[in-house]
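This briefing is meant to be read beside the sequence and the 3D view. Please keep both open, and find each named residue as you come to it.

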Amino acid sequence: MRVRTIATAALMLACACTPARKKVTGDIVRSIHFDGNGRFFSGHNDYQLQGAMSQGDSSFGIATFPLNYIAKPVTLDRDVLQVDSFRLETWYAENGWFDARFLGWEVHQIRKQRPERAGMVRILGHVEPGIPSTIRNFTINGADSATHRVFASTIKRTGSVQEGGQFSMLLTDTTKESLLTMFSNNGFPYATVDIDVVAYP
């Protein structure tokens with residue numbers, strides 16, 4: 001009885017919906033992966049690199065019946081993919097890999113496009129991240145009074161940026177905001193903080 005119910009529901013779904021490959025024209029992106037980057041806890045896994053891109057991939061089940069009737073297709077835009085090459089190098093630089101290079105894309109055709117159906121592709125990006133840059137030293141200038149020096153010492157000890165750690169523009173900005181908040185919460189609402197980053201090849 002349960003199998004019959006599931007089969008009936010699937011049949012009703014198929015009759016009411018349109019498969020993903022008939023919803024769009026061009027090539028549907030089934031998946032995006034990378035070669036040369038790190039694994040899940042590396043700081044530059046596939047998921048993190050995809051987050052830096054404008055070209056997306058399709059939702060789960062895009063090629064599996066009956067999920068392909070409800071999965072959202074995303075089509076390939078080669079112009080956007082080309083610009084994503086620069087976006088990825090920028091992302092790497094902002095996260096401490098100053099020497100990272102993007103080496104190119106491979107677009108593998110899984111299913112050919114037909115007059116009545118979109119094609120389907122897998123995308124593989126090749127990266128060469130190089131060695132990540134670490135923070136040689138972290139100084140806070142302008143903390144002249146004893147109170148200011150306490151604020152600076154606290155941020156240096158507990159803040160996101162730590163000497164010896166990997167450089168990150170996001171963590172640098174977070175440290176700036178933490179310092180501003182500390183000044184503001186302790187009677188210095190007009191304090192300003194400017195960040196300078198000096199890179200040593």
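Predicted model: local features only at pLDDT ≥ 70, side-chain atom pairs only at ≥ 80, totals over all residues.

**The loop between two strands, and the model as a whole**

Arg-114 is found in the loop that runs between strand 2 and strand 3.

**Loops and places where the chain comes back to itself**

- Arg-114 has a relative accessibility of 48% and therefore counts as partly exposed, since that class covers values between the 20% limit for buried and the 50% limit for exposed.
- Although Arg-114 and Arg-21 are 93 residues apart along the chain, their C-alpha atoms are separated by 9.6 Å.
- Gly-130 belongs to another loop, the one between strand 3 and helix 5, which spans residues 146-158, and with a relative accessible area of 42% Gly-130 is also partly exposed.

- Three strands form an open sheet in the order 1-3-2, and their pairing is mixed.
- Strand 1 and strand 2 (101-111) are the edge strands, because each of them pairs on one side only.
- Taken on average, and with direction ignored, neighbouring strands of this sheet are turned by 20° against each other.
- In general, the strands of a sheet pair through backbone hydrogen bonds, and this may happen in a parallel or an antiparallel way.
- Strand 1 pairs with strand 3 (residues 119-128) in the parallel sense, over eight bridges, and two examples can be traced in the view: Val-29 has Val-121 as its bridge partner in strand 3, while Asp-27 has Gly-119.
- Strand 2, by contrast, pairs with strand 3 in the antiparallel sense, over nine bridges, and here Arg-111 has Met-120 as its bridge partner in strand 3.
- Strand 3 is mostly covered, as seven of its 10 residues are buried.
- Helix 4 (residues 78-94) packs on the sheet and touches strand 1, strand 2 and strand 3, and its direction makes about 140° with that of strand 2.

- Ser-31 lies in strand 1, which covers residues 27-35.
- Is Ser-31 buried or exposed? Ser-31 counts as buried because its relative accessibility is 12%, and the limit for that class is under 20%.
- When residues up to four places away in sequence are not counted, Ser-31 touches Asp-57, Val-121, Arg-122 and Ile-123.

**Salt bridges**

- How many salt bridges does a search of the whole structure find? The search finds two salt bridges.
- One of them joins Arg-87 to Asp-84, with the closest N and O atoms 2.7 Å apart.
- Arg-87 and Asp-84 are three residues apart in helix 4, so about one helical turn separates them.
- In the salt bridge between Glu-128 and Arg-101, the side chains meet at 3.0 Å, N to O.
- This pair links distant parts of the chain, since Glu-128 is in strand 3 and Arg-101 is in strand 2, 27 residues apart.
- Glu-128 has a relative accessible area of 38% and is partly exposed, and Arg-101, with a relative accessible area of 45%, is partly exposed as well.

**A nonpolar patch on the surface**

- Met-169, Ile-195 and Val-197 form a nonpolar patch on the surface, and together they have about 220 Å² of accessible area.
- Met-169 is placed in helix 6, which covers residues 169-185, and at 31% relative accessibility Met-169 counts as partly exposed.

Note on methods:
Residues numbered from 1 in each chain as written. Heavy atoms only, no water. Helix = DSSP H or I, 4+ residues; strand = E, 2+ residues; numbered from the N terminus. Buried < 20%, exposed > 50% of the residue type's maximum accessible area, 1.4 Å probe, protein only. Contact = heavy atoms within 4.5 Å. Axes fitted to C-alpha atoms, helices over the stretch in contact; angles between N-to-C directions. Patch = residues over 30% accessible without salt bridge, like charges linked within 9 Å, V, L, I, M, F, W, Y side chains within 5 Å. Areas by Shrake-Rupley, 256 points an atom, 1.4 Å probe, with all protein chains shown as cover. Salt bridge = Lys/Arg side-chain N within 4 Å of Asp/Glu carboxyl O.
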